Amino acid sequence: QVQLVESGGGLVQAGGSLKLSCVASGRDVTTIQMGWFRQAPGREREFVARIGRAGSHTDYADSVKGRFTISRDNVKNTVGLQMNSLKPEDTAVYSCAASTAIYVVTAPERYNYWGQGTQVTVSS
């Protein structure tokens, strides 16, 4: 099993920045790919970003590409999400997740483990 704990959420004005962090435990993080997802009130959960096992391959949703950057530190067992130029539509609960798939996955149903999420609120 993999345990994931997110932190770094909060309230920020439009145009501002936040950095989210996720700490993983219970399994060697070099064996899993990790991603960030978000869910706004009344909306379906959506893919935000993912990063491969070695951190050399990243993917982003079109809505955040160029503004968000995902990273991982396999020594510290963490994955980060740097969010710049935040918009009100970025407001959501952000969750980190881990997948044991050996291929690139972005669908939430392909992820095995989930954190409880951290709230990000962007005011206009």
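# Close-up views of a predicted model

View 1. The side chains of Asp90 and Arg67 are joined by a salt bridge, with N and O 2.8 Å apart; a salt bridge is defined as a side-chain nitrogen of Lys or Arg within 4 Å of a carboxyl oxygen of Asp or Glu. Because Asp90 is placed in the loop between β8 and β9 and Arg67 in the loop between β6 (58-60) and β7 (68-73), this pair ties together parts that are 23 residues apart in sequence. Strands (E, at least two residues) and helices (H or I, at least four residues) are DSSP runs, numbered from the N terminus. Asp90 and Arg67 are both buried, where buried denotes under 20% relative accessible area, exposed over 50%, and partly exposed the range in between (1.4 Å probe, protein chains only). Asp90 also forms a salt bridge with Arg38, the closest N and O atoms being 2.9 Å apart. This pair links distant parts of the chain, 52 residues apart: Asp90 in the loop between β8 (78-83) and β9 (92-99), and Arg38 in strand β4 (residues 33-39). The relative accessible area of Arg38 is 5%, which means that Arg38 is buried. A further salt bridge connects the side chains of Arg38 and Glu46, at 2.6 Å from N to O. Glu46 has a relative accessibility of 25% and therefore counts as partly exposed.

The structure is a predicted model, in which residues are numbered from 1 along each chain as its sequence is written, and local features need pLDDT of at least 70. Side-chain atom pairs count only at pLDDT 80 or more, whereas totals for chains, interfaces and linings use all residues, and side-chain values use heavy atoms, with hydrogens and water left out.

**View 2. Aromatic cluster of Phe37, Phe47, Tyr111 and Trp114.** These four residues, Phe37, Phe47, Tyr111 and Trp114, form one aromatic cluster. Rings of Phe, Tyr and Trp (its six-membered ring) are paired if their centres lie within 6.5 Å, and planes under 30 degrees apart count as stacked, over 60 as edge-to-face and the rest as tilted. The count by this rule is four aromatic pairs. One of them is the edge-to-face pair of Phe37 and Phe47, at 5.8 Å centre to centre and with 70 degrees between the planes. Phe37 belongs to strand β4 and Phe47 to strand β5 (residues 46-51), so the pair ties together parts that are 10 residues apart in sequence. Both Phe37 and Phe47 are buried. The pair of Phe37 and Trp114 is tilted, with 4.9 Å between centres and 50 degrees between planes. Since Trp114 lies in strand β10 (residues 113-114) and Phe37 in strand β4, this pair ties together parts that are 77 residues apart in sequence. Phe37 has a relative accessible area of 0%, while Trp114 is partly exposed at 26%.

**View 3. Arg45 over the ring of Trp114.** Arg45 lies over the face of Trp114, 4.1 Å from the ring centre. A charge is taken to sit over a ring if NZ of Lys or CZ of Arg is within 6 Å of the ring centre and within 35 degrees of the ring normal.

View 4. Most residues other than glycine have a negative phi. Asn77 has a positive phi, near 60 degrees, and is a residue other than glycine. Asn77 is located in the loop between β7 and β8 and is partly exposed, at 25% relative accessibility. Ser85, likewise not a glycine, has a positive phi of about 50 degrees. Ser85 is placed in the loop between β8 and β9, and its relative accessible area of 42% makes it partly exposed.

**View 5. Open antiparallel sheet of β1, β3, β8 and β7.** Four strands form this open sheet in the order β1-β3-β8-β7, with antiparallel pairing; two strands pair if DSSP finds at least two bridges between them. β1 (3-7) and β7 are at the edges with a single partner strand each, so one side of each is left without a neighbour in the sheet. On average, neighbouring strands of this sheet are turned by 15 degrees against each other, direction ignored; axes are lines fitted to C-alpha atoms, for helices over the stretch in contact, and angles run from 0 to 180 degrees between N-to-C directions. β1 and strand β3 (residues 18-25) run antiparallel and are joined by five bridges. Ser7 has Ser21 as its bridge partner in β3.
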